[in-house]
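Here is a briefing on one chain, arranged by topic. Please keep the model open in a viewer while you read.

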Amino acid sequence: MPVITNIDDLKRIYRRKTPKMFYDYAESGSWTEQTFRENTSDFDQIRLRQRVAVDMTGRSTASQMIGQDVTMPVALAPVGMTGMQCADGEIKAARAAERFGVPFTLSTMSINSIEDVAGATSKPFWFQLYTMKDTDYVSRLIQRAKDAKCSALVITLDLQILGQRHKDLKNGLSAPPKLTIPTMINLATKWSWGIGMLSAKRRHFGNIVGHVKGISDTSSLGAWTAEQFDPSLDWGKIAKIKEEWGGKVILKGILDAEDAKMALSVGADAIIVSNHGGRQLDGAISSIRALPSILDAVGDKVEVHLDSGIRSGQDVLKALAMGAKGTYIGRAFVYGLGAMGQEGVKTALEVIHKELDISMALCGKRRIEELTRDVLLVPEGFEGRWQA
Ligand SMILES: Cc1cc2nc3c(=O)[nH]c(=O)nc-3n(C[C@H](O)[C@H](O)[C@H](O)COP(=O)(O)O)c2cc1C
């Protein structure tokens, strides 16, 4: 059993065990990958302010996200095709999150369906919605999420059109993988993944196949989804979806203060400052750089969360101290899942929790609420002086 001490350890094992097509799918950004890279390198620019001789007993990372108690304010982000990273991946990740006491967000583009995850867990999870042209399908999805007692709807706003990731095109990404010669050669070296997949509950998009007319097999699915994202989505439509849902709504993909104000005006319960992990607009600024201006605009009126680039508890601490009330990890949990299944997601959460707890202590803080900007050393001009 390898000794896992950080998220990079999980990533190394994940890479070894996972078919190239799915590793590349997770470990890529769009076009030049500038935004993907800066999501992590911008976190590195911020330093922590070490304090000493502060009583550090009785510490806790417990907090709340949208009124829900969490062991630490780190949710699992919606990640499409998680069930291709590891057999029954969504079920395993959801179970690990439930046991750890953090929210799990199921993607519309998941392999396990809403019902599969609901049947395998005992506490409500969150459902992420992509708005599609087929409004009947969207209404049915919303109803299915209600029936499954999902406790929040996360509406993703930054994917009305798909950003291009070169490797996905070159690898012919699909679920399940098409058996071309290069794919078969690669799969031959990933036997533990393959054995797991033989008994997987599903190997195609579980929220779509069987729920959309004319899509009974997966061959037409790629084209269907690419065509289906709704390019006409606007704030009026978002308000209508919020009304249809009737529960808590989190708007994901906000990177601009003006959009944050619009999200507030449609009554979002929380927003996620996010650039989709650098997978959509290449050249957009990193989430951590965008956070201060968004907090200035709406931070006292709506709960502001952040994702994109979090690989450690120190990153979580930086986002929280900057003013975010919650954070999400995408790739960091996928690495764990691909490396060691449910146990790997648990390990990823444990690693981040330990790093967060110890870093808090060494900054002289005992509670999440005590994390404020004075914990950070932020380089001058960090937010950038951009000319619009
Ligand atoms: C492989 C992969 C698939 C993703 N699929 C979705 C998705 O289906 N829906 C969504 O809203 N975001 C999706 N995202 C974006 C994540 O929710 C999240 O914003 C991003 O992963 C955060 O960045 P990080 O990976 O650096 O933590 C995906 C991200 C990755 C890496």
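**A buried strand**

In β7, Ala152, Val154 and Thr156 point one way, Leu153 and Ile155 point the other way, and all are buried. Buried means that 20 or more other C-beta atoms lie within 10 Å of a residue's own; exposed means 12 or fewer, partly exposed is in between, and C-beta atoms are placed from the backbone. Strands (E, at least two residues) and helices (H or I, at least four) are DSSP runs, numbered from the N terminus.

This is a predicted model, in which local features need pLDDT of at least 70, side-chain atom pairs count only at pLDDT 80 or more, and totals for chains, interfaces and linings use all residues. Residues are numbered from 1 along each chain as its sequence is written.

**Overall build**

- The chain has 16 helices and twelve strands.
- The C-alpha atoms fill a box of roughly 60 × 50 × 45 Å along the principal axes.
- For 388 residues, a compact globule would have a radius of gyration near 21 Å; the chain has 20 Å, which agrees. The radius is taken over C-alpha atoms, and the globule rule is 2.2 Å times the number of residues to the power 0.38.
- Buried residues make up 48% of the 388 residues.
- Among contacts with a separation of 6 or more, 73% join residues 24 or more positions apart. A contact means that the C-beta atoms of two residues, placed from the backbone, lie within 7 Å.

**The sheet**

- Eight strands form an open sheet with parallel pairing, in the order β4-β11-β10-β9-β8-β7-β6-β5. Two strands pair if DSSP finds at least two bridges between them.
- The edge strands are β4 (74-76) and β5 (105-106), and each pairs on one side only.
- Helix α14 (residues 287-298) packs on the sheet. Its contacts are with β8 (249-254), β9 (270-273) and β10 (303-306), and its direction makes about 175° with that of β10. Axes are lines fitted to C-alpha atoms, for helices over the stretch in contact; angles run from 0 to 180 degrees between N-to-C directions.
- Three bridges pair β4 with β11 (residues 326-329) in the parallel sense. Ala75 has Tyr328 in β11 as its bridge partner.

- Which way do β6 (residues 126-129) and β7 run, parallel or antiparallel? They run parallel, joined by four bridges. Phe127 has Leu153 in β7 as its bridge partner.
- Five of the five residues of β7 (residues 152-156) are buried, so this strand is largely enclosed by the rest of the structure.
- β7 and β8 run parallel and are joined by four bridges. Leu153 stands opposite Val249 in β8, and Val154 has Ile250 in β8 as its bridge partner.
- Six of the six residues of β8 are buried, so β8 is also largely enclosed by the rest of the structure.
- Four bridges join β8 to β9, and these strands run parallel. Lys252 stands opposite Ile272 in β9.

**Crossovers**

- β6, α7 and β7 make a right-handed β-α-β unit. Right-handed means that, with the strands pointing away from the viewer, the path from the first strand over the helix to the second runs clockwise.
- β8, helix α13 (residues 257-265) and β9 also make a right-handed β-α-β unit.

**Helix α3**

- The twelve residues of α3 (residues 34-45) should span 16 Å at 1.5 Å a residue, and the end C-alpha atoms are 16 Å apart, which agrees. The expected span is 1.5 Å times one less than the number of residues.
- Buried in α3 are Thr35, Phe36, Glu38, Asn39, Asp42 and Phe43.
- The buried residues of α3 pack against α14 and α15 (313-322).

**Two single residues**

- Ala145 is found in helix α7 (residues 135-147). With 25 C-beta neighbours inside 10 Å, Ala145 counts as buried.
- Neighbours within four places in sequence aside, Ala145 is in contact with Ile114, Phe127, Cys150 and Leu153.
- The C-alpha atoms of Ala145 and Pro19 are separated by 31 Å, and the two residues are 126 apart along the chain.
- Gly214 lies in the loop between α10 (191-198) and α11 (221-228). Gly214 is exposed, with 6 other C-beta atoms within 10 Å.
- Gly214 and Trp224 are ten residues apart along the chain, and their C-alpha atoms are separated by 9.8 Å.
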